[in-house]
Amino acid sequence: MAEQNPASALSAKVDKKRKRHAEEQSSKGDKANGAGNAPSDGSSKKRKKNKEKYNKNKGKKDKQDDAEKPAEPPKEREGKDGINESIRMMDGALLADHFAQRTKKFHKEITAVELNDLHIPEQAFLDTTSFESRKLESLPDFLKAFKAKDEDLAKASEENGSPHTLVIAAAGLRAADLVRALRPFQNKESLVGKLFAKHIKLEEAKQFCERARMGFGVGTPVRLSDLIDSGALKLTEVKRIVIDASHIDQKQRGIFDMKEIYLPLLKLLTKPELRERYGAKKDKIQILAF
């Protein structure tokens with residue numbers, strides 16, 4: 001067997017050593033990279049966990065803060081009811097003219113004779129321009145300001161269904177508000193009559209008028225006319241008719257602005273049994289625009 005060249009043997013030995021050294025270095029590098037990545041992943045997981053914990057605690061704190069905050073008042077509804085300030089500045093002459101203008105607007109084909117039949121004279125209206133407020137809560141004071149000195153608004157006639165005051169509203173909901181405002185004048189012997197169609201049938205309203213003593217009758221034009229025509233609501237003791245004239249609804253409409261309300265109102269106010277007492281010396285009836 002031939003002897004191996006010493007130089008070749010040495011070269012092979014060096015190559016083998018270099019190869020092993022390279023493998024060791026590569027192994028160490030992998031371990032180093034693994035060791036470097038491990039802390040990085042651990043740190044990331046830790047940060048994520050801490051963030052979740054922070055958000056959880058923050059959520060609890062926000063809820064606690066919200067609970068401690070005083071409750072905010074509900075936002076006012078858009079287009080809420082309001083007051084037409086121009087009405088309170090109208091005296092008898094202006095109100096009579098205002099009615100005439102509205103009648104012409106809604107009765108475009110009306111003749112002069114028909115207009116005269118539906119005319120409400122100036123003397124029918126009581127001048128209330130001296131009373132400034134037309135807010136709902138001011139209604140009791142408004143009535144007191146224009147009553148007779150010796151009159152007690154909390155007293156009613158002994159005859160059932162004979163109020164001393166009629167209050168006319170454009171709608172049932174508003175009529176219900178007016179009834180509540182008039183409660184200071186209500187007692188067992190003098191009720192405030194709910195004479196409107198909201199949840200109250202006509203027959204029920206008739207029965208109420210027939211059995212109850214009332215100082216005030218509050219209702220809508222059509223319902224009041226129906227009760228008067230039926231004989232259940234009597235006009236013998238009526239001294240004043242209060243029109244809820246200044247109030248405007250969410251659509252900015254008042255009782256004079258809606259044809260379907262104004263014409264029944266006009267028909268009610270021009271009933272012969274009422275018209276003959278406007279400006280009369282005896283049993284006079286006055287119209288007040290609130």
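**Charged and aromatic side-chain pairs in a predicted model**

I will start with Arg-277, which sits in the loop between helix H9 (272-275) and strand S7 (286-289). Helices here are DSSP runs of H or I with at least four residues, strands are runs of E with at least two, and both are numbered from the N terminus.

Before going on, the basis. This is a predicted model, where local features need pLDDT of at least 70 and side-chain atom pairs count only at pLDDT 80 or more, while totals for chains, interfaces and linings use all residues. Residues are numbered from 1 along each chain as its sequence is written, and side-chain values use heavy atoms, with hydrogens and water left out.

Back to Arg-277. Arg-277 is buried but has no salt bridge. Buried means under 20% relative accessible area, exposed means over 50%, and partly exposed is in between, with a 1.4 Å probe and protein chains only. A salt bridge needs a side-chain nitrogen of Lys or Arg within 4 Å of a carboxyl oxygen of Asp or Glu. The nearest side chain of opposite charge to Arg-277 is Asp-283, 5.2 Å away; Lys and Arg count as positive, Asp and Glu as negative, and His and the chain ends are not counted. Leaving aside neighbours within four places in sequence, the contacts of Arg-277 are Leu-235, Thr-236, Val-238, Asp-283, Lys-284 and Ile-285, a contact being heavy atoms within 4.5 Å.

Now the charged pairs that do form. The count is eight salt bridges. One of them joins Glu-151 to Arg-240, with the closest N and O atoms 2.6 Å apart. Glu-151 is in the loop between helix H4 (139-145) and strand S2 (165-168), and Arg-240 is in strand S5 (residues 240-243), so this pair ties together parts 89 residues apart in sequence. Both Glu-151 and Arg-240 are buried.

Next, Asp-244 and Arg-174 form a salt bridge at 2.7 Å, N to O. Asp-244 belongs to the loop between S5 and strand S6 (247-248) and Arg-174 to helix H5 (residues 172-181), so parts 70 residues apart in sequence are tied together. Asp-244 is buried at 4% relative accessibility, and Arg-174 is buried at 12%.

Asp-249 and Arg-253 also meet in a salt bridge, at 3.1 Å, N to O. How accessible is Arg-253? Arg-253 is partly exposed, at 32%, whereas Asp-249 is buried at 16%.

On to the rings. The whole structure has 10 aromatic pairs. Rings of Phe, Tyr and Trp (its six-membered ring) pair if their centres lie within 6.5 Å; planes under 30 degrees apart are stacked, over 60 edge-to-face, and the rest tilted. Phe-99 and Phe-256 make an edge-to-face pair, 5.1 Å centre to centre with 75° between the planes. Phe-99 is in helix H2 (residues 92-106) and Phe-256 in the loop between S6 and helix H8 (259-269), 157 residues apart. Phe-99 is buried at 2%, and Phe-256 is buried at 4%.

The ring centres of Phe-142 and Phe-290 are 5.0 Å apart with planes at 65°, so this pair is edge-to-face. Phe-142 lies in helix H4 and Phe-290 in the segment after S7, so the pair ties together parts 148 residues apart in sequence. Both Phe-142 and Phe-290 are buried.

Ser-138 is in the loop between helix H3 (112-117) and H4, and is buried at 13%.

Last item: Phe-99, Phe-106, Phe-125, Phe-256 and Tyr-262 form one aromatic cluster.
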